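Dear colleague,

Please find below the structure I promised to pass on to you. My notes on what was found in it follow directly after.

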Amino acid sequence: MSSKSALVILATGSEEMEFVISVDVLRRAKVNVTVGGLGTTVPIKCSRDVVIHPDVPLSEAAKQEYDAIVLPGGLGGAKAMAESKEVGELLKRQESNNRLIAAICAAPTALLAHSIGTGKSITSYPSVQDQFKGSTYNYVNDKTVVQDGQLITSRGPGTAFEFALKIAENLVGAEEAAAVAKGMLL
C-alpha cells in the first residue's frame with residue numbers, strides 16, 4: 001500500500017459505477033481507501049439497487065485525515081451529501097488543509113451546497129448544470145474531467161475511469177496511474 005489515503009463517501013442513492021470504479025482504481029494504485037457510510041455501516045442501496053457495505057460509518061471515518069475525499073454521484077446520494085452537515089464540515093476541513101476533493105456526476109451539487117471550491121472551474125452531469133447558474137463557479141461542459149487546483153470534477157458513469165485515474169495521478173503520480181490504466185486495458 002502507498003502512504004496515500006482516500007475516503008470515498010457512500011450514501012443511499014449513490015451511483016454504483018462511479019463509486020466502485022473510483023474505489024477499485026484507487027486500490028489498484030495502492031491508495032489506502034476507506035469507504036465511509038453516510039449515517040450508517042449497514043449495507044447501502046445504490047441508485048440501481050446494487051447494495052454495498054461501507055467499511056465504517058462516516059462519523060468514524062471523519063476522525064482521520066485523508067489525502068483525497070471522493071464523492072460519487074447519483075441524485076439520491078448527492079442530495080444526501082448536500083444536506084449533510086457532517087459532509088459539509090469534512091469537506092471544509094479538507095479544503096482548508098489544501099487537500100484533494102473529487103466529485104462526479106451530481107455530486108458537485110454537494111460542493112455547491114457547502115460552498116466548496118467557489119470560484120473554481122467545475123463540471124457535472126448535464127442535468128444538474130442549471131443548479132450552478134448564478135454561482136461563482138466557472139462551469140465547463142466541454143471536458144469529461146476538470147481539475148482546478150485541488151478540486152477534480154467529472155460528468156458521469158461513462159467518465160468514471162478517467163475521473164478515478166485523475167485522482168490516482170494526483171495521489172501516486174502519472175507513471176503509476178498509467179500503469180493501472182494499462183493493466184485494465186484502458
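Which elements make a right-handed β-α-β unit here? The unit is made by β1, helix α1 (residues 16-28) and β2, where right-handed means that, with the strands pointing away from the viewer, the path from the first strand over the helix to the second runs clockwise. Helices (H or I, at least four residues) and strands (E, at least two) are DSSP runs, numbered from the N terminus.

Please keep in mind that this is a predicted model, in which local features need pLDDT of at least 70 and side-chain atom pairs count only at pLDDT 80 or more, while totals for chains, interfaces and linings use all residues. Residues are numbered from 1 along each chain as its sequence is written, and side-chain values use heavy atoms, with hydrogens and water left out.

**Strand β1**

Six of the six residues of β1 are buried, which is to say under 20% relative accessible area, with exposed standing for over 50% and partly exposed for what lies in between (1.4 Å probe, protein chains only). Ser5, Leu7 and Ile9 point one way from the strand, whereas Ala6, Val8 and Leu10 point the other way. In a regular strand the side chains alternate between the two faces of the sheet. β1 runs parallel to β2 (residues 32-37), to which six bridges join it, and Ser5 has Asn32 as its bridge partner there. Three bridges join β1 to β6, also in parallel, with Val8 opposite Val70; strands count as paired if DSSP finds at least two bridges between them.

**Helix α3**

In α3 (residues 75-83), Gly77, Ala78 and Met81 are buried. Seen down the axis of α3, these buried residues fall within an arc of 100°, so they line one face of the helix, the arc being that of the directions from the helix axis to the C-beta atoms. The face turned away from this buried side carries the exposed residues Leu75, Lys79 and Glu83. Among the elements that cover the buried residues of α3 are β1 (5-10), β6 (68-71), α4 (85-96) and α5 (108-113), contact meaning heavy atoms within 4.5 Å.

**Nonpolar cores**

The largest nonpolar core has 34 residues, and Leu26, Phe163 and Ile167 have the most contacts inside it; such a core is a set of buried Ala, Val, Leu, Ile, Met, Phe, Trp, Tyr and Cys residues joined through side-chain atoms within 4.5 Å. α6 gives the most to this core, with seven residues. A second, separate core of 28 residues includes Ala62, Ala78, Ile122 and Tyr137.

With best regards
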